[in-house]
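Welcome! Take a moment to look over the chain below, then follow the notes topic by topic.

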Amino acid sequence: GNKYQVTGTLIDRRIETASLVTLKIGEESNPKFLSIKVPTDFAGGNLNLQDEYTFLIEFNTDGLAVALDVKQL
């Protein structure tokens, strides 16, 4: 039930097939990558590769991050 906010650069999106995006977070010298499930009813608009976003996420019972909200920076 905990919610987290993560900010990073969108480096991959598979909205058409699995509704997953990958966000690169952290410093350029030591980046981390986080896959985020985007629900099918998500109304966040287009997600553009290489743009920065802040996602409000929650982890589901499988340990996968699920987007609750997104803002483009």
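Two strands pair if DSSP finds at least two bridges between them. With that in mind, Glu58 stands opposite Val66 in strand 5. Please remember that this is a predicted model, so every value here is computed from it.

**The overall plan**

- The chain holds five strands and zero helices.
- The chain has 73 residues, and buried ones make up 27% of them.
- Its accessible surface comes to about 4,900 Å², and 46% of that belongs to carbon and sulfur atoms.
- Among contacts with a separation of 6 or more, 44% are accounted for by residues 24 or more positions apart.

**The barrel**

- What do the five strands close into? They form a barrel, with the strands in the order 1-2-3-5-4 and with mixed pairing.
- From one strand to the next, the twist averages 50°.
- Strand 4 and strand 5 run antiparallel, and seven bridges join them.

**The nonpolar core**

- Which residues have the most contacts inside the largest nonpolar core? They are Val6, Val21, Ile36, Phe55 and Ile57, in a core of 14 residues.
- Strand 1, strand 2, strand 3 (32–37), strand 4 (52–59) and strand 5 (65–72) each supply at least two residues of this core.
- As general background, nonpolar side chains in soluble globular proteins tend to be buried together.

- Look for Ser19 in the loop between strand 1 (3–14) and strand 2 (20–25).
- Is Ser19 buried or exposed? Ser19 counts as buried because its relative accessible area is 13%, and the cut-off for buried is under 20%.
- Apart from neighbours within four places in sequence, Ser19 is in contact with Arg14, Ile36, Lys37, Val38 and Thr40. One of these, Ile36, is also listed among the core residues with the most contacts.
- Now turn to Gln50, which sits in the loop between strand 3 and strand 4.
- Gln50 counts as exposed because its relative accessibility is 56%, and the cut-off for exposed is over 50%.
- The phi angle of Gln50 is near 70°, a positive value in a residue other than glycine.

Key: Residues numbered from 1 in each chain as written. Predicted model: local features only at pLDDT ≥ 70, side-chain atom pairs only at ≥ 80, totals over all residues. Heavy atoms only, no water. Helix = DSSP H or I, 4+ residues; strand = E, 2+ residues; numbered from the N terminus. Buried < 20%, exposed > 50% of the residue type's maximum accessible area, 1.4 Å probe, protein only. Contact = heavy atoms within 4.5 Å. Core = buried A, V, L, I, M, F, W, Y, C linked by side-chain atoms within 4.5 Å. Axes fitted to C-alpha atoms, helices over the stretch in contact; angles between N-to-C directions. Areas by Shrake-Rupley, 256 points an atom, 1.4 Å probe, with all protein chains shown as cover.
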